[in-house]
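Colleague: I have a model open and want to learn how to read it. Where do we begin?

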Amino acid sequence: MEKTILITGGAGFIGSHVVRLMVQKYPGYRILNLDALTYAGNLENLKDVESSVNYEFVKADITDEKAIKKVFDTYKPDGVIHLAAESHVDRSISDPLAFIRSNVIGTVNLLNAARDLWGVNSEGKRFYHISTDEVYGSLGATGFFTEETAYDPRSPYSASKASSDHMVRAWHHTYNLPVVISNCSNNYGPNQFPEKLIPLAINNIKHNKNIPIYGKGENVRDWLYVEDHAVAIDLIFHKGQNGETYNIGGNNEWTNIDLIRKLCEVMDKALGRQSGESAKLITFVKDRAGHDKRYAIDSGKLMKELGWEPSLQFEEGIEKTVDWYLGNEDWLKNVLSGDYSNYYAQQYDGR
Ligand code: NAD
Ligand code: DAU
């Protein structure tokens with residue numbers, strides 16, 4: 001194999017799309033997926049590539065310093081694409097420490113392991129940290145986050161991600177670690193855990209359950225199809241400049257209420273329901289504490305410097321997403337019952 005690329009969090013939503021793309025596109029790379037298989041990690045997401053000769057899975061927790069050192073000593077990765085994280089804002093409000101452990105301490109363990117392995121001879125190596133637009137805080141009615149926007153995280157989740165971004169930059173400046181960072185907007189698409197807005201709403205609509213909309217549904221998010229994010233990650237990993245940051249967004253802003261109304265229309269069609277039927281399930285509930293008002297990303301740097309652009313229009317992306325969830329009822333049932341993660345976690349325990 002030409003190179004070993006360690007992808008953390010590869011059993012999660014975005015990570016599984018990145019692993020698949022890398023395994024299929026680069027047969028000369030050994031793709032090593034490291035994941036703790038938390039509630040959000042599910043190897044079922046990678047069934048179609050798990051027997052590829054250039055794919056390997058290792059169950060490890062990035063908060064476990066010794067385990068991470070052992071993985072680096074054993075596999076000697078040439079590159080790291082770091083996605084493993086606690087990712088859900090609502091969970092960070094009820095259990096912030098879990099986010100500090102995985103997102104901050106876990107990232108530092110990986111940075112140290114990469115620094116110790118690569119030392120001063122880091123030519124051709126790369127540590128790529130995947131981050132979020134939430135580090136920039138909340139926008140008013142106008143304007144966009146650029147790479148120069150000052151950090152202003154406002155939830156335990158975004159504060160933990162901002163903190164990990166600072167650690168990555170500190171390791172670059174202090175230890176000369178070759179790093180690159182990207183900050184992306186809201187992703188949607190197949191395999192997203194149904195605690196996040198879109199898959200949660202799809203699942204509830206299907207089962208005729210209320211769709212909870214926080215506050216008045218006026219908060220704005222910029223949505224990007226997950227495969228377009230994976231393509232951007234591949235591009236930045238291979239072509240990005242060391243020490244640089246790239247923003248990634250869909251240029252696709254929706255208020256939550258408009259997004260859910262659109263989703264309801266698509267679901268009505270897909271389920272053969274009368275138009276307007278699913279929208280009756282919309283229920284306004286208590287707002288999220290500290291709920292950021294608006295996120296919007298300026299991806300101009302990535303588009304101009306590396307030639308990336310999103311491939312899908314939102315209408316097409318949301319239809320594909322609905323089709324996927326309706327065609328994968330067992331996946332949905334199993335992640336909600338925890339069956340797959342328990343099954344796979346047992347398979348890999350003690351490795
Ligand atoms: P996810 O919650 O679906 O998956 C996270 C994965 O990380 C899971 O497989 C989980 O098992 C693993 N993991 C968690 N803690 C771990 C630990 N301590 N050790 C090893 N593995 C661990 O998350 P996602 O939505 O796919 O997000 C992936 C990354 O992208 C995160 O870093 C997130 O901050 C970032 N991001 C997400 C979005 C989004 O819209 N989902 C947008 C921008 C950036
Ligand atoms: O912007 C990037 C971020 O997007 C990522 O870094 C996070 O990992 C990812 O979870 C996502 O964060 P959000 O908080 O924006 O996503 P979520 O799907 O949880 O919520 C989207 C919007 O919908 C948000 O304004 C809150 C609202 N919401 C969410 C849920 C789960 C509801 O109104 N009802 C809900 O039940």
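Modeller: Begin with one atom pair at ligand 1. A backbone N or O atom of I62 sits 3.0 Å from a nitrogen atom of ligand 1. Keep in mind that this is a predicted model.

Colleague: How many residues surround ligand 1, and which are the closest?

Modeller: There are 29 around ligand 1. I14, D35, S87, Y157 and K161 are the closest.

Colleague: Now ligand 2. Which residues come nearest?

Modeller: The shell of ligand 2 has 23 residues, and T132, D133, Y157, R288 and H291 come nearest. Follow the oxygen atoms of the ligand. D133 has a polar side-chain atom 2.5 Å from an oxygen atom of ligand 2. For E134, a side-chain N or O atom lies 2.9 Å from an oxygen atom of ligand 2. For R221, the distance from a polar side-chain atom to an oxygen atom of ligand 2 is 2.8 Å. Taken alone, ligand 2 exposes 690 Å², and the protein buries 94% of that.

Colleague: What is the make-up of that shell?

Modeller: The shell around ligand 2 has nine nonpolar, eight polar and six charged residues. α6 (197–206) and β8 (211–214) each supply at least two of its residues. With three residues, β8 gives the most.

Colleague: You mentioned α6. What should I look for in a helix?

Modeller: Start with the geometry. An α-helix has 3.6 residues a turn, so residues three or four places apart point the same way. Then count what is covered. In α6, eight of the 10 residues are buried, so the helix is largely enclosed by the rest of the structure.

Colleague: Which residues of α6 are buried, and what covers them?

Modeller: The buried ones are I198, P199, A201, I202, N203, N204, I205 and K206. Their cover includes β7, β8, β9 (220–225), α8 (256–271), α10 (314–327) and α11 (329–337). Look just past the helix as well. N208 follows α6 and has a positive phi, near 55 degrees.

Colleague: Take N187. Is this residue buried or exposed?

Modeller: Use the cut-off: buried means under 20% relative accessible area. N187 is at 6%, so it counts as buried. N187 is in strand β7 (residues 186–188). Its side chain makes a polar contact of 2.8 Å with the side chain of H229. Leaving out residues up to four places away in sequence, N187 touches F13, I14, Q192, W223, L224, V226 and H229.

Colleague: How many residues are in the largest nonpolar core?

Modeller: The largest nonpolar core has 38 residues. I7, I81, Y128 and I248 have the most contacts inside that core. Pick I7 and list its partners. Beyond its neighbours within four places in sequence, I7 is in contact with V18, V19, M22, I31, L32, N33, L34, I81 and L83. Another core lies apart from the largest one; this other core has 30 residues, among them Y188, M267, I282 and I318.

Colleague: Last, a loop residue. Where does D298 lie?

Modeller: D298 is in the loop between β12 (282–285) and α9 (300–306). Its relative accessible area is 32%, so D298 is partly exposed. Within the chain, the D298 side chain reaches the backbone nitrogen of G300 at 2.8 Å.

Terms used
Residues numbered from 1 in each chain as written. Chains lettered and ligands numbered in written order. Predicted model: local features only at pLDDT ≥ 70, side-chain atom pairs only at ≥ 80, totals over all residues. Heavy atoms only, no water. Helix = DSSP H or I, 4+ residues; strand = E, 2+ residues; numbered from the N terminus. Buried < 20%, exposed > 50% of the residue type's maximum accessible area, 1.4 Å probe, protein only. Polar contact = N/O pair within 3.5 Å; in protein donor to acceptor, adjacent residues only side chain to side chain. Contact = heavy atoms within 4.5 Å. Near = heavy atom within 4 Å. Areas by Shrake-Rupley, 256 points an atom, 1.4 Å probe, with all protein chains shown as cover. Nonpolar A, V, L, I, M, F, W, Y, C, P; charged D, E, K, R; others polar. Core = buried A, V, L, I, M, F, W, Y, C linked by side-chain atoms within 4.5 Å.
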